[in-house]
Amino acid sequence: MTGFAIDLCGWGLLLCLALAGLQRSRRWPGACGKCRWPGNMLLVLVLLAAPFPPARPIEMMRGLFAGLSVTTVVMLVALLLACNGSRRAVFAKSEEGYLPPLITVVAMLFHPPALGLGPVDPYAWGYDDAHVLALTVGALALAAWLASWRMSALALVLALTAWRLRLLASPNLWDYLFDPLLVLGALGVTCVRAVRHMRAKSRAGHSGAAA
Amino acid sequence: MLLTAWAGWPGQAGEVDGRFALAVEPVSVEDAPPRLTSALINAAQPLRVHAPSIVALPDGRLFATWFGGTREGATDVNIYAAYRAADELAWGPQQVIASPQQTTRDTGFFTRKLGNPVALLTPGGELWVIYVSVTMGGWATSQLNLLRSPDLGQHWRPASRLVTSPFFNLSTLVKGVPVFFANGDIGVPVYHELAGKFAELLVLAPTGEVRRKIRMDHGRRTLQPVVLVQDTRRAVALMRTASGTRAWRGETEDGGLHWRTPQETTLANPNSALAAFRLGDGRLLAVANDTEDQRLRLSLLVSEDEGWHWRAIHRFEDRQESFGQTLTPASIRAATLDELDRLGPGPEAEAVLAKLERNLCKNLDEQDGREGEADCGWQYDYPYIIQDAKGDFHLVYTWNRSFIRHISFNMAWLRQRLEQTQ
């Protein structure tokens, strides 16, 4: 039940952010500078829970993408806050820069063996004998806090707490820490940044040659 | 920091138990005459049925479950179940216990189609059915669901979704008979089919929560494990091959926590499910398609060396002579007519024959159901075997894609087969 509520909240936030992005774009009529998140959130939650046969949209999203991790939901809240206020108040500059590639790298190391490549299954480390993993995550949260990566530290601590309280259907700590949607988001941001960086470099090269 | 210490503090979750619970020896009737009986469990509708499992209930009844619909993978496939009263031969009416719509409502996850169910009786006396579901794609994207009944199937609690994979919870399927641990945990043999193909053991708490998942293999070679417990620490697993022509064998010596790399056995396997059972004297029984191609034969086999070597002691089904031949609906009908008496109680003969033609023959003219260029072939597969408290064995399998056949035999019949084939 709490898993359903967390997923509803997460998908609501995600769609709310998408809607805010559209509203801020110039193509959208009545474009505004900030997210109208309370109204948008209400609208999105009603739509997600509405009965559209053969299933409610939230059931459709959960069926297709499975449950969201606690970290993903915390990051979506953070993005919504950043959307409405100062980004720097939510994410440290280094956190904003390094977190997406870091998540991508961890996922690239994690998912292939977890899906059967090789004899070691890192997903199994997240089950009931996951104390080593839990303490490692705690240490990472502490390190993140000390490095002023406050949002990452908060996400990790909340994920640990939710895991201990068994708030999701899964007993596996990994399912609280990240999910493929978070990874896809991080991968997308990393790729977009890389492309922008290459374009900027190429433009700088051209203007240098012209000079 | 305090939160971290609290979260990571050992001992808050259930302890991992590396000891199997040993099966209770059945009450054996020594002077009973050899007996083998047969029955068809399901009705003539729906058209296609597959993947049966069976469990003996404490009151002497049998409970069987399977999936059925217009075809495997169709969205109208439901999970069906039926009971057989103690000492009866015929099965009671079938009933739907799970549908895609019901699963969506119960779990909150959209479900498009259903697949293999496995029934089990927990040490606490609950009847469980674990079944496969798919939201999008083929069987490789399956998830597992759990149905629980506190009163042996009179009432079912809403199904719950089991989270078993980190990648959109994709690709865990179930087929084998569950095993039990000394602490009450339940070991469900499962397998993974996305990217790799390998056997796993899913451990559930008596409350139905996933406790852990243990990889029995990796790579792309094993499917549908069957775990045969030897003692509290040791067990052998037989596995369907995903690529070769022989069944695989794995083993554990620490109560299933770790498994040795599987090795090939001498048991031929055409990439087809097998069932197995450990006898009280240590010998292993298997029911399998012991061929390298197609599922035309279903045999009872025995191993006296922990599953390495096998010899057939009985053929439950044998249409091997039709291998490579083109059969027509008329020849299917004629051959089945000879066999109808041996099938035992079940649907009317004409319904059996009509269903068989539809399911076994490709290119049947849809207008009148008569043969044109139809190409037909037999199929016997997906065996599942258990032993009840009285020592009788109950085998269920898919009979020609059309019916769930139940064959029951006693220890005297088995002993006779073992002696005659020495």
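Val49(B) has Gly68(B), a residue of β3(B), as its bridge partner. The model in which this pair occurs is predicted. Strands β2(B) and β3(B), the latter spanning residues 62–69, pair in the antiparallel sense over 7 bridges. Both belong to an open sheet of 4 strands in chain B, ordered β2-β3-β4-β5, with antiparallel pairing. The edges of this sheet are formed by β2 (48–56) and β5 (95–98) of chain B, each of which pairs on one side only. On average, and with direction ignored, neighbouring strands of the sheet are turned by 35° against each other.

In chain A, a helix contact was examined. Two packed helices are described by the angle between their axes and the distance between the axes. For helix α1 (residues 2–24) and helix α3 (residues 57–65) of chain A, the axes come within 10 Å and cross at roughly 95°. This angle falls in the range of 65 to 115 degrees, and α1(A) and α3(A) are therefore roughly perpendicular to each other. On the α1(A) side the contact involves Asp7(A), Leu8(A) and Trp11(A), which meet Ile58(A), Met61(A) and Arg62(A) of α3(A). The residues of this contact comprise 4 nonpolar and 2 charged, with no polar ones.

Arg166(A) lies in the loop between α8 (150–164) and α9 (174–177) of chain A. Arg166(A) is partly exposed, with 14 other C-beta atoms within 10 Å; a buried residue would need 20 or more, and an exposed one 12 or fewer. Between Arg166(A) and Ala66(A) the separation is 100 residues in sequence and 17 Å in space, C-alpha to C-alpha.

Methods:
Residues are numbered from 1 along each chain as its sequence is written. Chains are lettered from A and ligands numbered from 1 in the order in which they are written. This is a predicted model: local features need pLDDT of at least 70, side-chain atom pairs count only at pLDDT 80 or more; totals for chains, interfaces and linings use all residues. Axes are lines fitted to C-alpha atoms, for helices over the stretch in contact, and angles run from 0 to 180 degrees between N-to-C directions. Helices (H or I, at least four residues) and strands (E, at least two) are DSSP runs, numbered from the N terminus. Angles under 35 degrees count as roughly parallel, over 145 as roughly antiparallel, 65 to 115 as roughly perpendicular and the rest as oblique. Two residues are in contact if their C-beta atoms, placed from the backbone, lie within 7 Å. Ala, Val, Leu, Ile, Met, Phe, Trp, Tyr, Cys and Pro count as nonpolar, Asp, Glu, Lys and Arg as charged, and the others, Gly among them, as polar. Two strands pair if DSSP finds at least two bridges between them.
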